[in-house]
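Thanks for coming. I have one structure to go through, and I will take it piece by piece.

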Amino acid sequence: MAEPPANVCLSLAATAENVVLVREMLAGVADSIALDASHLNDIQTAVTEACNNVVLHAYGGGRGPLDVEVWLGEQTAAVCVRDRGMGMSSRADVGENEGIGLHVIRTLARTVRFDPPPDGGTLVDMEFEAPGATALEPARGGMTTRTLGPSQSRSTITASIAPVALARTVLPRLASALAARAHFSSDRMSDVQLLADALAAHARPALCRDRLDVGLEVQPRALGLSVAPLSTGRARGLLGESELAGLGRIIEKLTDRSEVGTEEGHETLTLHMTDPH
């Protein structure tokens, strides 16, 4: 039986600074399902150790992708961390050869499995207790987050989130963390937070599927935020919403420029923000 699509797919470069984004994503997920702080801490700690193993060992000091997926079930949360490099040692299942990081993962996760995918790398599947959590509906038709290639910039992050309501707690955290990395002022960081909140809250009617695909590109004093898959014609419609609380008014006020692209039968809206001060 095929595994259901994940509720969150996050793809980013395997760098130490990007592990912080994984933790922010998990905190956003926890907010959505009202997970208590102690169980969130267990999940964040174990997943951080798995991600750090990728950063330190998967690519021999070079660049490469890190993929993190989250499934939310009844009273449980499952997280998969994957690399596409050398990955963890084949001795990972031999207790006497484990490092402290793998011991922490085994201690905090209810179950954990280390697998070598057919196309290389290492996959770490972890399942955790999540008391009070209810299962969220996965994306119908699957997720389409692109996996980053090993040569791609470490400044590129992609995420796919379903159901779209889950984006309201995840997207603002990711965007705010990247705005801080871009050295935005506190006022401009507030603008980023407001824009991310507005997109997560109001973009749903324009989407052609029950998921939100997001691309984030960070540079010094600059941040790009792309949202998809938008139905044909709806990107311009979002930009044109002019009522007082409309998304279009917020975009016009807070962003420097916007672009609309078409790909595989849907539209992508990309918003650019800078902070020259």
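A34 is exposed, at a relative accessible area of 63%; exposed means over 50% relative accessible area, buried under 20%, and partly exposed in between, with a 1.4 Å probe and protein chains only. A34 sits in the loop between α1 (16–33) and α2 (37–58), where helices (H or I, at least four residues) and strands (E, at least two) are DSSP runs numbered from the N terminus. The phi of A34 is positive, about 55°, although A34 is not a glycine.

A word on the source. This is a predicted model, in which local features need pLDDT of at least 70 and side-chain atom pairs count only at pLDDT 80 or more, while totals for chains, interfaces and linings use all residues. Residues are numbered from 1 along each chain as its sequence is written, and side-chain values use heavy atoms, with hydrogens and water left out.

H183 also has a positive phi without being a glycine, near 65°. H183 is in the loop between α4 and α5 and counts as exposed at 52% relative accessibility. As background, most residues other than glycine have a negative phi, and most peptide bonds are trans.

P163 belongs to the loop between β6 (156–161) and α4. The bond from A228 to P229 is cis too, with omega near -5°, and P229 is placed in strand β8.

P229 is touched by R209, which also touches R204, leaving aside residues up to four places away in sequence; contact means heavy atoms within 4.5 Å. R209 is in the loop between α5 and β7 (212–219) and is partly exposed, at 38% relative accessible area. Its C-alpha atom is 8.6 Å from that of S231, 22 residues apart along the chain.

Now α5 itself. This helix covers residues 186–202, and its 17 residues should span 24 Å at 1.5 Å a residue; the end C-alpha atoms are 24 Å apart, so the two agree. The expected span is 1.5 Å times one less than the number of residues. Which residues of α5 are buried? They are R188, V192, L195, A196, A198, L199 and A200. These pack against α4 (167–181), β8 (222–230), α7 (247–254) and β10 (266–274).

Take α7 from that list. The axes of α5 and α7 come within 10 Å and cross at roughly 155°, axes being lines fitted to C-alpha atoms, for helices over the stretch in contact, with angles from 0 to 180 degrees between N-to-C directions. That makes α5 roughly antiparallel to α7, a term for angles over 145 degrees. On the α5 side the contact involves R188, D191, L194, L195, A198, L199 and H202, and on the α7 side L247, I250, I251 and L254. By class, the contact residues are eight nonpolar, one polar and two charged; Ala, Val, Leu, Ile, Met, Phe, Trp, Tyr, Cys and Pro count as nonpolar, Asp, Glu, Lys and Arg as charged, and the others, Gly among them, as polar.

Last, M126, in strand β5 (residues 122–129). M126 is buried, with a relative accessible area of 2%. Among the residues it touches are A46, A77, V79, I105 and V112. The C-alpha atoms of M126 and V112 are separated by 4.4 Å, at 14 residues apart along the chain.

For the whole protein, there are seven helices and 10 strands, and 51% of the 277 residues count as buried.

Notes: Parallel < 35°, antiparallel > 145°, perpendicular 65-115°, else oblique.
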